[in-house]
Amino acid sequence: MKKIALTLLLASAMGLSACGQSGDSSAALKALDPDNDGTIDLAEAQAGGTKKFAKLNPDNDGTLDEKELSGVLDAAALKAADPDNDGTLDTKEYAAVIEQKFKTANPDNDGTIDKKELESAAGQDLLKLIY
């Protein structure tokens, strides 16, 4: 009986998790898609990234450090995205990360991210940067 209850609990939790992800992706797609074509192109992703950068940069110093990027990029990703090795990302470096993540999230190379692509692991990584 306990195994059945645990199985049902886990199945419910997984279902709610999937619903949450889908809802977040739907809301993000709506917010990041001003032309309402159901996809996000690189320009739209970069526009979202500009807004996200501003939110992550409360000290308005024009750079994001490891603390400000917590939950968005881990230390290894920050180091990889930091060509000048100053321990921070400026707007150009942040935009380059968005472009790289966009390409990864766009396996069909059609230049747009649709809802299905946005819900992939790569799409979720991109979302952290732009929404």
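Modeller: Lys115 counts as partly exposed, because its relative accessibility is 29%; buried means under 20% relative accessible area, exposed over 50%, and partly exposed in between, with a 1.4 Å probe and protein chains only. The side chain of Lys115 meets that of Glu119 in a salt bridge, 2.7 Å from N to O. A salt bridge here is a side-chain nitrogen of Lys or Arg within 4 Å of a carboxyl oxygen of Asp or Glu. Glu119 is partly exposed too, at 25% relative accessibility.

This is a predicted model: local features need pLDDT of at least 70, side-chain atom pairs count only at pLDDT 80 or more, and totals for chains, interfaces and linings use all residues. Residues are numbered from 1 along each chain as its sequence is written, and side-chain values use heavy atoms, with hydrogens and water left out.

By the salt-bridge rule, the count comes to 2. Glu99 pairs with Lys103 in a salt bridge, with the closest N and O atoms 3.6 Å apart. Both Glu99 and Lys103 sit in helix H4. They are 4 residues apart, about one turn of the helix. Helices are DSSP runs (H or I, at least four residues), numbered from the N terminus. Glu99 has 32% relative accessibility, so it counts as partly exposed. Lys103 is exposed, with a relative accessible area of 54%.

Side chains of opposite charge can pair when their charged atoms come close.

Definitions and conventions
Helix = DSSP H or I, 4+ residues; strand = E, 2+ residues; numbered from the N terminus.
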